[in-house]
Amino acid sequence: GFIPSIQPSEFLKLTLIFYLAIWLQKREQLIGTWKEGFIPFASVLLLATILVALQPDLGSFLVLSAIAVVMFFVAGGNIFHVVLGGGIAAIMGLPIILEKEYIRNRFRAFLRPDDPAIAETIGFQIKQALIAVGSGGVFGVGYGKSIQKFGYLPEVQADMIFSAMAEELGFLRLLIIIGMFGILIWRGYQIGQEAPDRFGFLVATGITTWIAVQTILNIGVNLSLFPLTGLTLPFISYGGSSLLANLMAVGILLNISSHSVYETSRARHSRRHARKMATR
């Protein structure tokens, strides 16, 4: 029978956001301290990301870390603690992650895509992605007319879909898509600012950071600005787990937004009612 493939890391992002929102809300007065704030936070983050890091799923690890750090910071965390902790984590974690040969090859391909050792594998993928982006020009070759996606560009339906889009749609239409992502991210952070409570603020911030970081990393990889991460482009790349998690996240954002609108209208109604009572 048909057994659907599920990517647990996609739902781990949403789970981490909710857990951290509750945890940070409860520790509001202690977040800025090292012993009662940062150390417990770092422990939570370590538990959430250690399995992902050991796989190693570098892309999901980066997104989870970014979500957690941004949520910690906006909750009142000390930026010095974050920088110090991040430095320690990098020193301790990078050697473990780089033990995996394919991770090392990704960095090697990023720095030297023509390296003979990886020229026919990861280096080939990066070069084909850049060829696709360059082939699109300003106006693109047209819908469905991409050449690179037919056997030349590996993983075109997943993390390399931006390159195929660049080839078919061209620079101008890609700007529209990037602009739509920008509006979504701006609106997400705005929803957080207008949330009726601290929990909603933290959840909205976490979800928006997730979408923002994953979008930036995916596009950056396709433009050879970052090493390969394996991350999908939110809402566009093929993958049921990714799309479902993204849609759930946006649904939660809309729910927070609707509550903030409701709270605002209720407060306005209360003020109007109070003024009427005062004039009687």
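I recorded the crossing of H7 and H8 as left-handed (the near helix is turned anticlockwise from the far one by less than a right angle). The model is predicted, and local features need pLDDT of at least 70, side-chain atom pairs count only at pLDDT 80 or more, and totals for chains, interfaces and linings use all residues. Residues are numbered from 1 along each chain as its sequence is written, and side-chain values use heavy atoms, without hydrogens and water.

I noted that H7 (residues 161-194) and H8 (residues 198-222) pack at about 160 degrees, with axes 9 Å apart; helices are DSSP runs (H or I, at least four residues) numbered from the N terminus, and axes are lines fitted to C-alpha atoms over the stretch in contact, with angles from 0 to 180 degrees between N-to-C directions. H7 is therefore roughly antiparallel to H8 (over 145 degrees).

I then looked up the largest pocket, of about 1100 Å³. A pocket is an open set of points on a 1 Å grid over the protein atoms alone, where a 1.4 Å probe fits, with protein on both sides within 12 Å along at least five of seven lines; lining residues have an atom within 4 Å of a point. The volume is the space filled by probe spheres set on the points, which are joined across faces, edges and corners. Of its 35 lining residues, Phe 61, Ser 65, Gly 86, Ala 89 and Ala 90 are closest to the centre. H2 gives the largest share of this lining, 12 residues.

Conventions
Helix = DSSP H or I, 4+ residues; strand = E, 2+ residues; numbered from the N terminus. Parallel < 35°, antiparallel > 145°, perpendicular 65-115°, else oblique.
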